[in-house]
Amino acid sequence: MAYTCRVGRRHAWATAALAFLIYLATLQPSVVGGDAGELMDAALTGGVAHPPGYPLYTLLLRLFAALPGLDVGVRMNLLSALLGALACGLLAEAVTTVSRAPWAGVLAGGMFALSHRVWPHATSAEVFALNNMLTAALLALAARYAEHASFRTVALTAFCAGLALANHHTSIFVVIPVLGWMGRAFPRALLLLPLGLIPYVYLPLAARSAAAVTWGDPSTLTGLVEHVLRREYGTFQLVSAPLGEAETLRALGFFLTDTVRGVLGVGVVFAVLAMRQRRTWCRVVAGALLIDVLVFHSLVNMPLEPALLRGVQARFYQLPLLLLLALAGVGFARLRRGSAPVAVALVVIQGALNLGDVLRHRGRVVEEYGRSILRAAPPDAIVLTRGDLITNSVRYLQAAEGLRGDVRVVDQEILSRTWMRYAAQFPDVTFPGTHYHPREPGGFTMAQFVAANLPRHPIVVCGGFKEGDSSVPGLLQQWPLGICKRLHPPDVSVDFHAWLVESEQALPPVPSGPFSDESWEQVVLQDALEARHARGFLVLTHPSLPVDTATRNTLAVRLLEEAAQDPRAAPHVHKNLGIALSRLGTPEAHERMKAEFRRYLQRAPAQDPEIPAIKRAMGDL
């Protein structure tokens with residue numbers, strides 16, 4: 001038995017070492033989409049990330065950022081590679097300990113490491129690799145407890161559970177069943193769980209830094225509790241919004257389909273075989289899996305459309321995938337012959353199926369996106385951002401590279417909170433109230449904010465304005481500048497010819513792709529294409545430009561044709577190009593107009609009220 005255990009551990013950690021090498025070979029070279037930029041910024045500046053603050057991960061990320069050599073983005077992404085490999089090894093060791101079958105551990109750990117949901121997050125700075133590592137550690141400790149129940153094992157498990165809860169709330173789905181099983185024998189050992197929660201002490205300390213961007217106000221006890229419990233989002237919810245029963249069932253169906261793919265289908269069969277063995281460890285893991293699936297999908301309140309939101313939601317499928325593969329590994333151990341080649345074959349197939357997608361999404365797409373925003377911003381500008389992709393990519397570049405320190409990045413989401421601290425961070429910016437909200441006491445409208453600052457600072461808005469405030473669109477001119485728009489007072493005459501040159505220079509690069517519709521890179525692609533359309537659309541629709549009508553129409557056609565050349569351009573680009581062509585008034589332009597309208601109708605949303613008018617213009621009605 002001891003020989004089997006030693007061999008199993010060698011197999012487990014050899015698998016982890018191989019996973020680490022694969023992660024290194026596919027490591028992201030810079031910031032990626034989602035929360036990565038915010039977490040990296042918080043680690044570099046000493047700020048506080050969005051609820052629950054992720055203090056353990058932020059501290060580890062700060063440690064890796066201080067390592068010598070390599071770009072700072074690579075150093076921070078390296079943390080996830082190490083944690084992901086450790087998760088692979090711990091899962092493999094847990095399965096080997098329970099099953100006494102080394103190749104069963106290789107199967108579970110290898111398939112998990114190279115799955116389509118885990119691999120991307122093991123090569124970029126995100127909290128999920130740490131969550132995977134700590135929950136895999138809980139399974140490994142539970143497997144050790146199943147062999148020999150001891151106070152030491154339970155105490156170590158309780159401490160590990162505290163660390164897991166100091167990183168990610170979803171770990172509670174594993175913490176409760178594991179400690180519920182082990183704690184009955186040694187309840188006093190559970191007193192070590194609070195020690196693992198000590199990283200939360202970091203949040204009130206970090207919140208005292210006026211220079212860093214801080215989410216919430218964890219400097220007070222009430223603020224700390226609200227932040228840790230994610231009350232602004234809804235505790236254990238992804239967003240603070242209700243969702244219908246039909247959408248919840250859709251989300252559950254999407255999860256089941258996605259997870260079956262993650263285990264190549266056969267993993268479900270192996271997991272069923274494990275449950276037939278009636279091992280207590282398997283029952284605990286199955287209980288954790290059931291709790292995760294049912295509770296998560298009863299609370300998840302994020303729609304599945306657009307596709308990006310499916311990708312955001314699918315990040316949370318890594319934990320149930322880990323639990324399912326833990327069971328699958330034990331079930332796989334029932335194969336008496338040929339286990340080694342079958343395990344290796346399944347792991348290789350898993351990697352081969354997902355390698356192409358990992359490589360397609362590897363690169364500096366998000367970094368270049370952020371650079372284009374900062375590059376286009378005028379000197380000493382206030383950049384009003386909206387959306388994680390915009391805000392976090394820019395924050396990362398300012399924190400990691402000190403890029404454009406003269407630009408004041410103001411996130412509209414944080415600006416709308418009563419605890420926002422931008423006044424301390426940007427003393428030369430005027431905030432005409434306690435926070436941005438047109439209907440709350442002490443709040444101010446965006447028009448008031450712009451009026452108070454525009455004479456002294458150029459203002460650029462990226463990602464549009466928050467809904468619910470109609471004070472700006474009719475009162476200010478918005479001229480496209482890359483993916484953003486520069487604001488001008490209504491009575492200011494903008495130098496049109498200078499804008500043509502400046503706006504062309506501000507265009508972001510169009511990434512090659514192709515990318516998954518669920519990815520942030522696809523959002524970058526669409527924003528880059530839309531930036532090209534926005535220039536032509538302004539020329540087409542602006543009420544007064546210092547050029548004659550013929551020149552305006554010709555210029556609008558040229559700019560919109562440039563935008564429509566890319567086959568990935570949105571349908572409305574072809575519609576607006578057709579409108580611009582219709583204004584040229586020539587037979588040739590009329591035929592080209594109909595061709596563009598046909599392209600639009602092929603992909604047009606069915607509810608577009610302009611479809612009948614377009615068909616009439618084409619002579620189809």
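Visitor: Buried means under 20% relative accessible area, exposed over 50%, and partly exposed in between (1.4 Å probe, protein chains only). Which is Val 72, buried or exposed?

Guide: Val 72 counts as buried, at 13% relative accessibility. This is a predicted model: local features need pLDDT of at least 70, side-chain atom pairs count only at pLDDT 80 or more, and totals for chains, interfaces and linings use all residues. Residues are numbered from 1 along each chain as its sequence is written, and side-chain values use heavy atoms, without hydrogens and water.

Visitor: Where does Val 72 lie?

Guide: In helix α4, residues 72-99. Helices (H or I, at least four residues) and strands (E, at least two) are DSSP runs, numbered from the N terminus.

Visitor: What is Val 72 in contact with?

Guide: Setting aside neighbours within four places in sequence, Leu 44, Ala 65, Tyr 396 and Ala 400. Contact means heavy atoms within 4.5 Å. Leu 44 and Val 72 are 28 residues apart in sequence, and 9.6 Å apart C-alpha to C-alpha.

Visitor: New topic. Thr 58: buried or exposed?

Guide: Buried, with a relative accessible area of 1%. Thr 58 lies in helix α3, residues 55-65. Beyond neighbours within four places in sequence, its contacts are Ala 42, Ala 43, Gly 53 and Tyr 202.

Visitor: On to the second largest pocket. How many residues line it?

Guide: 28 residues. A pocket is an open set of points on a 1 Å grid over the protein atoms alone, where a 1.4 Å probe fits, with protein on both sides within 12 Å along at least five of seven lines; lining residues have an atom within 4 Å of a point.

Visitor: Which element gives the most to that lining?

Guide: α24, with 9 residues.
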